[in-house]
Amino acid sequence: MDQGVGKNLSLVIPCFNEPENIPLLIDQLKGIITSLPFELEVIIVDGCSDDSTPQILEAEFKNLNPKNFKLILQAERKGYGYDIVAGLKTAKHNIFAWTHSDMQTDINDVVSGFNLYQSLLEQDKFAKILVKGRRIGRPLLDAILTYGMQFITLLALKKNLNEINAQPKIFSKEFFESALKDNAPDDFSLDLFMLTQAKKNQYSFHSFPVRFNKRQLGEAKGGGGSLKNRWNLINRTFQYILKLRKENNNL
């Protein structure tokens, strides 16, 4: 039984060295939050940025309603996954989500995903559901790399996981506490770990189309931007897939 029934949403947005995008992100959030038919809690987690991002965040948050906005400034740099989990641990609602802060993903996609999540719960309030984005209109090279990792995951883990790194991801508090809270990786492997845990726990996956826009400001992290970044993400993901396969074989 899943305790995901709820009318409100807690959204975690990790950020690291995004001084140019933070004001744009906050403006977009302020533009939609007052018109929503549900309460949206936004938790922005700065992963110990080494530029002006923390100062910009603190300045922006002085003018935000604490009912809807929460800021976490990490004292140590531990990684994307660690920051997301830290934010989720403070979330107050029963339905959780995360997305990115680089303005390549539209915050309105979170609203669309939440609406889909709610409509599925209306059909079965005990359903075990995970809602995620499905990227469309992507450059050919990015799509090829994504399908390549999907194929490797299928071969190694016997799990068909598509669009592993697509955002947003929306799920229940119960799933977080039972499957992610204490065991999640600290780095960009979090998305892969989450999906494998959802498969393991027999959650149904529901995706909806989203556009992953070209980064306009700042430097890409993770697997975006340069070929070097993409290769590093592929290599890290492959190593983590091998780790998961070893752990599964030892069960």
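**Exercise 1. Find the helix that holds isoleucine 33, and decide whether this residue is buried or exposed.**

*Solution.* Begin with the location: isoleucine 33 belongs to helix 1, which covers residues 22-33. Keep in mind that this is a predicted model. Next, take the relative accessibility, which is 12% for isoleucine 33. The cut-off for buried is under 20%, so isoleucine 33, at 12%, counts as buried.

**Exercise 2. Which residues does isoleucine 33 contact, once neighbours within four places in sequence are set aside?**

*Solution.* With those neighbours left out, the contacts of isoleucine 33 are Leu40, Val42, Asn68 and Phe69.

**Exercise 3. How do helix 6 and helix 7 lie relative to each other, and which residues meet?**

*Solution.* First, locate the pair: helix 6 spans residues 173-180 and helix 7 spans residues 190-200. Their axes come within 11 Å and cross at roughly 100 degrees. Angles of 65 to 115 degrees count as roughly perpendicular, and helix 6 and helix 7 are therefore roughly perpendicular to each other.

Now look at the contact itself. Helix 6 brings Phe175, Ala179 and Leu180, and helix 7 brings Phe193, Met194, Gln197 and Ala198. Sorted by class, this contact has six nonpolar residues, one polar and no charged.

**Exercise 4. How many residues of helix 7 are buried, and what comes just after this helix?**

*Solution.* Count along the helix: nine of the eleven residues in helix 7 are buried, and the helix is mostly covered. The buried residues are Leu190, Asp191, Leu192, Phe193, Met194, Leu195, Thr196, Gln197 and Ala198. Just past the end of helix 7, check the backbone at glutamine 202, where phi is positive at about 60 degrees.

**Exercise 5. Which helix gives the most to the lining of the second largest pocket?**

*Solution.* Start with the space: the second largest pocket holds about 250 Å³. Twelve residues line this pocket, and the closest to its centre are Gln197, Lys200, Leu244, Glu247 and Asn248. Then turn to the helices. Helix 7 and helix 8 (227-249) each supply at least two lining residues, and helix 7 gives the most, with four. Finally, sort the lining by class: five residues are nonpolar, four are polar and three are charged.

Notes: Residues are numbered from 1 along each chain as its sequence is written. This is a predicted model: local features need pLDDT of at least 70, side-chain atom pairs count only at pLDDT 80 or more; totals for chains, interfaces and linings use all residues. Side-chain values use heavy atoms; hydrogens and water are left out. Axes are lines fitted to C-alpha atoms, for helices over the stretch in contact, and angles run from 0 to 180 degrees between N-to-C directions. Angles under 35 degrees count as roughly parallel, over 145 as roughly antiparallel, 65 to 115 as roughly perpendicular and the rest as oblique. Contact means heavy atoms within 4.5 Å. Ala, Val, Leu, Ile, Met, Phe, Trp, Tyr, Cys and Pro count as nonpolar, Asp, Glu, Lys and Arg as charged, and the others, Gly among them, as polar. Buried means under 20% relative accessible area, exposed over 50%, partly exposed in between (1.4 Å probe, protein chains only). On a 1 Å grid over the protein atoms alone, a cavity is a set of points where a 1.4 Å probe fits but cannot get out, and a pocket is an open set with protein on both sides within 12 Å along at least five of seven lines; lining residues have an atom within 4 Å of a point. Grid points are joined across faces, edges and corners, and a volume is the space filled by probe spheres set on the points.
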